[in-house]
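Reader: I would like a close look at one part of this model, taken slowly and with the neighbouring elements kept in view. Please begin from the structure itself.

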Amino acid sequence: MNNMQLQQFANTDALNAAFASQLVTILEQAITERGAAYLVVSGGRTPQALFAKLASTPLAWDKVTILLADDRYLPPDAEHSNERLVRSTLMQNYAASARFISLYAPAADAYAAVSEISARLAGLPTFDAVILGMGEDGHTASLFPCCAELKAGMADDAPAVLATSPTTAPYQRITLSKARLLQSRQLFLHLVGSSKLTVLEQAQGATDEFAMPIRAFLHQTAVPMAVLYSPS
Ligand SMILES: O=C1O[C@H](COP(=O)(O)O)[C@@H](O)[C@H](O)[C@H]1O
């Protein structure tokens with residue numbers, strides 16, 4: 001048994017409208033109840049149109065803190081930086097006043113940057129919403145099946161932040177651990193494309209979370225999880 005709910009949409013316009021509405025409801029409720037809201041987003045191609053939709057939505061964005069579930073260890077102006085994507089698509093228009101916590105710090109490599117980045121996240125409360133993506137190998141955030149750091153990143157007592165080096169994807173990564181991502185009130189998994197639905201079905205059909213790290217989120221029961229999917 002898990003508490004995963006699948007929401008299917010005809011296309012990304014319908015998905016993004018519904019998704020933005022659900023997120024805004026959660027963020028408004030957090031601001032009303034606690035005076036601030038904490039939103040964790042993922043990078044990659046999938047969320048780009050959602051980010052534009054959110055940016056055009058009125059909200060007390062100055063009370064919202066945004067951070068990434070993971071990033072490539074690249075300067076924030078690099079083409080493949082998730083931070084660059086978030087700053088140029090999500091933190092625009094109404095959302096320009098949101099606070100952003102970067103997962104980048106200049107250092108010799110991602111491993112050497114972890115302590116400075118961890119300090120930025122220390123003391124953050126439970127996240128109000130975490131939006132995960134999923135790769136076709138079942139990775140989520142930068143918890144890749146292939147990376148040597150996977151066991152550490154999936155441990156219940158893992159630190160909030162760690163560096164990983166996937167062998168099947170470019171760049172060293174900075175990622176939140178499974179344990180820190182699960183410290184949230186609501187999880188979302190954002191999937192576009194029929195191949196991602198096939199991967200979701202594979203993930204649901206077995207339990208080895210080291211083979212497909214997304215399983216750790218799909219099969220847990222502590223945090224409600226909504227999967228929002230559209231074929232294109
Ligand atoms: O490497 C990554 O990939 C996943 C999925 O990306 P997409 O382009 O297929 O949407 C993403 O969730 C993660 O943040 C990113 O670092």
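How many bridges join β4 to strand β8, and do the two run parallel or antiparallel?

Author: In this predicted model, β4 is joined to strand β8, which covers residues 173-176, by 3 bridges, and the two strands run antiparallel. Within this pairing, R72 stands opposite R173 in β8. The pair belongs to an open sheet of 3 strands, in the order β4-β8-β7, with antiparallel pairing. Because β4 (70-72) and β7 (161-164) each have a single partner strand, they stand at the edges, and one side of each is left without a neighbour in the sheet. On average, and with direction ignored, neighbouring strands of this sheet are turned by 20° against each other.

A helix also belongs in this picture: α4, made of residues 110-121, lies across β7 and β8, and runs at about 160° to β7.

Elsewhere in the model, there is a helix pair to consider. Helix α2 (residues 48-55) packs with helix α3 (residues 82-90) at an angle of about 40°, their axes being 8 Å apart. That angle makes α2 oblique to α3, since angles over 145 degrees count as roughly antiparallel and those under 35 degrees as roughly parallel, whereas 65 to 115 is roughly perpendicular and the rest oblique. The residues that meet are Q48, F51, A52, L54 and A55 on the α2 side, and L85, V86, T89 and L90 on the α3 side. Sorted by class, this contact of α2 with α3 has 7 nonpolar and 2 polar residues, with no charged residues.

Note on methods:
Residues are numbered from 1 along each chain as its sequence is written. This is a predicted model: local features need pLDDT of at least 70, side-chain atom pairs count only at pLDDT 80 or more; totals for chains, interfaces and linings use all residues. Two strands pair if DSSP finds at least two bridges between them. Helices (H or I, at least four residues) and strands (E, at least two) are DSSP runs, numbered from the N terminus. Axes are lines fitted to C-alpha atoms, for helices over the stretch in contact, and angles run from 0 to 180 degrees between N-to-C directions. Two residues are in contact if their C-beta atoms, placed from the backbone, lie within 7 Å. Ala, Val, Leu, Ile, Met, Phe, Trp, Tyr, Cys and Pro count as nonpolar, Asp, Glu, Lys and Arg as charged, and the others, Gly among them, as polar.
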